[in-house]
Amino acid sequence: MNDGPQQPAADPETPARQVPEVWTGRARNRTQWLLAAVGAGCLALGIGLAVHSPWTSGGVPLAMSVVGCVLAGLLILFGTLAFVHVAVRVDGQALEVRCGHMGLPRRRILLEHVVAADFAPSVTPRHWGGWGYRWRPEKGTAVVVRRGEALVVRLGDGRVFTVTVDDAETAVRAIRDRLGTGRS
């Protein structure tokens, strides 16, 4: 005989997980760290050439090599570090996407502009032309930091925004809950 409190039977119509008031999600790409290391290597090579110049053939080739290595290193380093991870937040007013450690680039979409939210089970960088902040005329805009599940938001003006994020299904439910569309 059990005298403890009785748990009500689970209703099959009730979703297994409740939608939180503020949903947050992340996605990471550890491969980007390898590319960042390549960028740091180019930067170090440029600095090394500038400091320990063994070239005697003139200053112009040396300056071009130093500037080229430093600029390529900075471009690779900061371009990859901006998309090592993405943080997504859905609250009562907006969907906010922040990239990298500094949160830049940042995208904020008011939920009043959203007409639909969908789950994409498999998005790859190949679909969008690589990692990062992408735009394709036939597909819309995307933030792709890794392959896998994604949140797809359709806006009232016809634009589409996609972001790869872990637990994208819950993000879709959170947006649909706020839009009042349920499981449409």
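Reply: What follows describes the whole protein briefly, then the core, then a contrasting part of the surface. The model is predicted. The protein has 184 residues, and 38% of them count as buried. Its secondary structure consists of four helices and nine strands, which follow the pattern β-α-α-β-β-β-β-α-β-β-β-β-α along the sequence. Among contacts with a separation of 6 or more, 55% join residues 24 or more positions apart.

The largest nonpolar core holds 27 residues, and the members that touch the most others in it are Val-86, Leu-95 and Leu-151. At least two residues of this core come from each of the strands E1 (23-28), E2 (85-90), E3 (94-99), E5 (114-123), E8 (148-155) and E9 (160-164), and likewise from helix H4 (168-179). H4 gives the largest share, five residues.

Leaving aside residues up to four places away in sequence, Leu-95 touches Val-88, Arg-89, Val-90, Arg-107, Arg-108, Ile-109, Leu-111, Leu-151, Val-153 and Phe-161. Another core, of eight residues, lies apart from the largest one; Val-123, Ala-142, Ala-150 and Val-160 are among its members.

The surface also has a nonpolar part. Val-67, Leu-71, Leu-74 and Phe-78 form a patch there, with about 380 Å² of accessible area together. Leu-71 lies in helix H2 (residues 59-81). Leu-71 counts as exposed because its relative accessibility is 54%, and the cut-off for exposed is over 50%. The protein as a whole exposes about 11100 Å², of which carbon and sulfur atoms supply 59%.

Note on methods. Residues numbered from 1 in each chain as written. Predicted model: local features only at pLDDT ≥ 70, side-chain atom pairs only at ≥ 80, totals over all residues. Heavy atoms only, no water. Core = buried A, V, L, I, M, F, W, Y, C linked by side-chain atoms within 4.5 Å. Buried < 20%, exposed > 50% of the residue type's maximum accessible area, 1.4 Å probe, protein only. Contact = heavy atoms within 4.5 Å. Patch = residues over 30% accessible without salt bridge, like charges linked within 9 Å, V, L, I, M, F, W, Y side chains within 5 Å. Areas by Shrake-Rupley, 256 points an atom, 1.4 Å probe, with all protein chains shown as cover. Salt bridge = Lys/Arg side-chain N within 4 Å of Asp/Glu carboxyl O.
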